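Here is a short tour of helix packing and nonpolar cores. Please have a look at the sequence and model first.

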Amino acid sequence: MPHIFLYGPPGTGKSTVGKKLAGNLKLPFIDLDRVIETNTGMAISRIMEQQGESIFRDLETAALKEAVGHASSVTNPTNPGGLQTRPTLVIALGAGALLRDENRAFAESHGKVILLMAELKTLLGRLNTESGNRPLLVGDLREKLTALLVKRGDHYNSFPLLIHVDGKTAEQNAHRAQVVLGRHHLSAMGEYDVVVGQIGNLSYMQNPIIVTDENVAMFHLEKMKAVLQDAGFEPKSVIVPAGEKHKNLETISYLWKSFLENGLDRKSTVIALGGGVIGDMAGFAASTYMRGIDWVAVPTTLLSMVDASLGSKTGFDLPEGKNLIGSFHPPKLVLADPQLLGTLPEAELISGMAEVVKHGIISDPELFALCTRGLDWVKNNLDEIVKCAMAVKIKIIEEDPYEKGFRAALNLGHTVGHAVELVSKFNLRHGEAIAIGMVAEAKYSARVGLAGVGLAEAVAESLSALGLPIHIPQDMPREEIIRAMRVDKKKNAKAIRFALPVEIGRVELVAVRVTDLEAVISEQ
């Protein structure tokens, strides 16, 4: 995976944010200025004073290449055959480290550069007590800093990945960097990485097998096989029928038998290549085969990238309801490549946007605002959509991995939606049913005095503008929907816990008596 370089003017907190970011991602951290001081035995200010800026830049170039080169030569003994890996580093760069074209080209060819930027007032406040340690700012701090920002303005503005750090803590800026990068490390239910990016080297696996469905196989199976071939494997695959109606014990049993026939053992890895149905089934089969083997999620739908592949839930359906049998079994890696969405039918893309809107309603007003820009904008900005929506769920599941508290907020729209999906005999896509459920629950929230004025209308308008349904089909029996909600996995004896929207960015968990379920869908 590419290294992460933090860059920007003096005072933007590159070292502080870098340490937080490295800690969040469980990666090594390097402060390039400290490396130079260690190598020379001299403070940066003294090097600049005695040897000049040109010599310091030479030392900077050497230190940058040394740090990255050392990481490139580290051998991971856990890899089969002693294969070499390239451990990812988080590197805080000096404020002028990439002024040299040579340095910039080197950094950008080995990783991602994130520019931290702040207003002059913020920088002055941070640097006021330490300008003496920064040779280029000695003297009138305001004058020197202003001149430096003007001189380097075009240079700093040329970096596409930008974070404004004003008014935010180091923790908040580190989290924002993770969103921009599409990089997360989850640990609440087992250690694993979530990465948004192109499918790359998977050589660390042992004896992998691809599980996919017949639809996904037509578009992506050969690409996945090629990745495994490049890693030195002879690719194995299992193809199952596509669709929620096949998410059952019969298919799970077929997967178990296929694992045996292909010689999978306790050190093997299952690669779930597909949407949420494939992820749920392959993950569950992996969780129970030989008492649990590793699996990797490679989601191919928007819905699975931003929701279904995250959270460690695996399982399958019974005739009485969705996901009634399952387990918590985290993958070793979730690799979401937005380029795979290029072959997704538009109806499936629209379906996935229901979960994106849901995440915006739960805790990210900015994401909700992005969703209101319409489907054409979404299609042209899928990378941003995936990264932002994914971050919402990750934050929630890390804080409440076993749904003992606020994680239940992710059920917004799902109690009604699952019931509608089931009664439709899955003729409605999951996202379509969830959209209907969100509108029903938003209207009920308004009726009982929780939702603010206009909230239900705003939710309905945003979903409708994306091409999602917002009403229960007229011919769908309401009594069957209520019956399905009663057996939903989120119920207890007398009440069902709903996640009801209060405002964009906030929901409340409310217990609704089973005798009041008719009222939840009365306006739908």
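Predicted model: local features only at pLDDT ≥ 70, side-chain atom pairs only at ≥ 80, totals over all residues.

Residues are numbered from 1 along each chain as its sequence is written, and side-chain values use heavy atoms, leaving out hydrogens and water.

Let us begin with two helices (DSSP runs of H or I, at least four residues, numbered from the N terminus).

| Helix pair | Residues | Angle | Axis distance |
|---|---|---|---|
| α18 and α19 | 414-423 and 430-447 | about 135° | 7 Å |

Axes are lines fitted to C-alpha atoms over the stretch in contact, and angles run from 0 to 180 degrees between N-to-C directions. α18 and α19 are therefore oblique to each other, a class left over once angles under 35 degrees (roughly parallel), over 145 (roughly antiparallel) and 65 to 115 (roughly perpendicular) are set aside.

Now to the cores, each a set of buried Ala, Val, Leu, Ile, Met, Phe, Trp, Tyr and Cys residues joined through side-chain atoms within 4.5 Å; buried means under 20% relative accessible area with a 1.4 Å probe, protein chains only. The largest nonpolar core has 98 residues, and Val356 is one of those that touch the most other members. Helix α17 (residues 382-399) gives the most to this core, with 11 residues. A second, separate core of 53 residues includes Tyr156 and Val165.

Finally, Met305 sits in helix α13 (residues 302-308) and is buried, at a relative accessible area of 0%. Its contacts (heavy atoms within 4.5 Å) include Leu341 and Val386. Met305 and Leu341 are 36 residues apart in sequence and 9.8 Å apart in space, C-alpha to C-alpha.

Notes. Buried < 20%, exposed > 50% of the residue type's maximum accessible area, 1.4 Å probe, protein only. Lists of a residue's contacts leave out its neighbours within four places in sequence.
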